[in-house]
Amino acid sequence: MSWLKNMATGEQPEPYKEPPTAPLVRDPSRPDRLVSNKPANKPFLAHKEYRDRQAKMHEEWLQRKKERDEKIARGEEVGPEEKDPTAQEEVGVLGLLKFLFIVIVCISLAGKFITGSYVWQYDGKWIRLRTYFPEPGQRLLSERTLAEFDGKVPGRPIYLAIDGEVYDVSKGKAYQPGGSYHIMAGVDAARAFGTGCFKTHRTHDLRGLTEQELKGVEHWKKFYSEHKDYFKIGKVSHPPIDPASPIPEHCKKDAQAGGDSPKKDTPERVQMKAGHAKGDL
């Protein structure tokens, strides 16, 4: 602890002197100088030894390569060409895959140690095999066929459609018979997802919706496509909408008259948002 004493008194420390019995070796950077074999110098000395070994191995390989080339020139039979043992190998695709595999294993083991789950308690759709290996072939359902999958027949899956895309929502308790949102099963009620009129807008007709209501439809489409328990099974084929047919009236007259102006949520929309927040959907 003499350095503490020097700091307190301001005295210059004594210069370091090698013990007279310290073994000396040749300095790798200056061969004409000898340095001690103390622990601080050992990494540099070991690196010099490594470079010397590499240089010797390379010279021996060059000699063997020269002898092999001479045999080939004389027409003699030779074995397969030997690779340079000192050449640095580039990391190929296989090496990169091995590295990624090791990283994933380490992250998984860390998750198991910290959270008790190999996937860090993640419960999204991306860890489910069905996300990457969906059932072969997407079905094309008619409106009549879609209506048969409304949950009223025991053992039959429950389908829900939104803007033409059909999802299997059998795991959702709210879509079971008697559930809060069973009214949405077996039908494409895309308009209701935008307007909140779940009783009167059970139709795919999106004509006349405001920009905000169309954003609501897109929100729910994303919700079902990214849900961990719901999977797209196909599409529903709708008959063409007659442009001359009347646009469905809004369940709240002031909302229809207000256009793009802000409007209050319908009771049905408030209920659905609450279910979304609680995870019932």
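Which residues form a nonpolar patch on the surface? In this predicted model, where local features need pLDDT of at least 70, side-chain atom pairs count only at pLDDT 80 or more, and totals for chains, interfaces and linings use all residues, the patch consists of Val 91, Val 93, Leu 96, Leu 97, Phe 99, Leu 100, Val 103, Ile 107, Phe 113, Ile 114 and Trp 120. Residues are numbered from 1 along each chain as its sequence is written, and side-chain values use heavy atoms, with hydrogens and water left out.

Together the patch residues have about 1200 Å² of accessible area (Shrake-Rupley method, 1.4 Å probe, with only the protein chains shown counting as cover for residues). Patches take residues with over 30% relative accessible area and no salt bridge, joining like charges within 9 Å and nonpolar side chains (Val, Leu, Ile, Met, Phe, Trp, Tyr) within 5 Å. Phe 99 lies in helix 3, residues 93–115 (helices are DSSP runs of H or I, at least four residues; strands are runs of E, at least two; both are numbered from the N terminus). Phe 99 is exposed, at 52% relative accessible area (buried is under 20%, exposed over 50%, partly exposed in between; 1.4 Å probe, protein chains only). An unreviewed UniProt entry lists residues 99–120 as "transmembrane region"; such annotations may be inferred rather than shown by experiment. Over residues 99–120 the chain is 77% helix and 0% strand, with 21 Å between the end C-alpha atoms.

The largest nonpolar core has 22 residues (buried Ala, Val, Leu, Ile, Met, Phe, Trp, Tyr and Cys joined through side-chain atoms within 4.5 Å). Strand 4 (159–162), helix 6 (190–195) and helix 7 (211–226) each supply at least two residues of this core, and the largest share, 4 residues, comes from helix 7. Met 184 touches Leu 160, Ala 189, Ala 192, Phe 193 and Phe 198, residues up to four places away in sequence not being counted (contact: heavy atoms within 4.5 Å). Phe 193, in helix 6, counts as buried because its relative accessibility is 1%.

The whole structure holds 9 salt bridges (a side-chain nitrogen of Lys or Arg within 4 Å of a carboxyl oxygen of Asp or Glu). Arg 207 pairs with Asp 205, the closest N and O atoms being 2.9 Å apart; Arg 207 is partly exposed at 22%, whereas Asp 205 is buried at 6%. Glu 211 and Lys 215 form a salt bridge at 3.9 Å, N to O; both lie in helix 7, 4 residues apart, about one turn of the helix. Asp 163, Glu 218 and Lys 221 are linked in a salt-bridge network.
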